[in-house]
Amino acid sequence: MSNTQYGLFCPLAMACEVLEPRWTILILGEMWGGATRFNEIRRGVPGISPTLLSKRLREMEEHGLVDRIEDAAKGTVDYIRTAKAEELEPALRLMAEWAYKHVEPDIALKEVDPDYLIWNIRQKLNVHELPRRKIVIRFHYVDAPKRNATNWIVVRPGEVVELCMRDPKFDVDLYVEAETQALASAWMGYSKLQTEIADGRIFLSGDPVLAKTIDRWMGSTTYAGGTN
């Protein structure tokens, strides 16, 4: 992370020196979502290589944005936002709200990454709206490459929601078959979930209660304002 990118004695320029390197803001955003482990962060920031993510995290640590906490007994490493990083949240939230308001949906949905979409659905799942038992939901993107076309979300009361890239071999409670852009549009709040279902771009089968209440438990992006 260069300290002479702009060479200007200006607070805005100095902020850009720290925050502009590619992926830095998205890494912070994923950490605001609760990710602390390397693989969790990488999963929420698709496209970044492990090498570059390691580099960015080191740079962010050097700038006082994250603390690296190693637990030698457990063999784990967590990355925690510092107070300095937390002060940035209102400004970055305003940036996201501005983009949600002004970037046209056709542009925002032009290239939807299925893995990124299901990761965000998993994060925003309203588990309190689901029955208090183990729930398995199979998501299949009808237009996605085979390698990332199918995912399973497993919800167990009192446990972290699990996202499986391979069949967990559990009985499936609800099958969600969807066009990638249709599911992304509904989750982002650009269209209504029930409209996408009625128009056949999203098809549900299985548990009728889960199907009926999908707009309660599936959740949506923070900026959608409950438009589903």
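Mentor: Happy to; we'll take a tyrosine, a helix, a sheet and then a loop residue. This is a predicted model, where local features need pLDDT of at least 70, side-chain atom pairs count only at pLDDT 80 or more, and totals for chains, interfaces and linings use all residues. Residues are numbered from 1 along each chain as its sequence is written, and side-chain values use heavy atoms, with hydrogens and water left out.

Trainee: Where does Y141 lie?

Mentor: Y141 lies in strand β3, residues 135-141. Helices (H or I, at least four residues) and strands (E, at least two) are DSSP runs, numbered from the N terminus.

Trainee: Is Y141 buried or exposed?

Mentor: Buried, because its relative accessible area is 1%. The cut-offs are under 20% relative accessible area for buried and over 50% for exposed, with partly exposed in between (1.4 Å probe, protein chains only).

Trainee: And what is Y141 in contact with, leaving aside neighbours within four places in sequence?

Mentor: P114, L117, I118, N148, A149, N151, A178, T180 and L183. Contact means heavy atoms within 4.5 Å. A polar atom of the Y141 side chain also lies 3.3 Å from the backbone oxygen of P114; a polar contact is a pair of N or O atoms within 3.5 Å, where within protein one must be able to donate a hydrogen and the other to accept it, and residues adjacent in sequence count only if both atoms are side-chain atoms.

Trainee: How many residues of helix α8 are buried?

Mentor: 8 of the 11 in α8, residues 114-124. Among them are P114, L117 and I118. The cover over the buried residues of α8 includes β3, β4 and α9. At the start of α8, a side-chain oxygen of D113 comes within 2.9 Å of the backbone nitrogen of D115.

Trainee: Switching to the sheet, what's the strand order?

Mentor: β5-β4-β3-β6-β7, an open sheet of 5 strands with mixed pairing. β5 and β7 are the edge strands, each pairing on one side only. Two strands pair if DSSP finds at least two bridges between them.

Trainee: In which sense do β3 and β6 pair?

Mentor: Parallel, over 5 bridges. I137 stands opposite L174 in β6.

Trainee: Last one: where is D207?

Mentor: In the loop between β7 and α11. D207 counts as buried because its relative accessibility is 17%. The D207 side chain reaches the backbone nitrogen of V209 at 2.8 Å. Leaving aside neighbours within four places in sequence, D207 is in contact with R133, D173 and L174.
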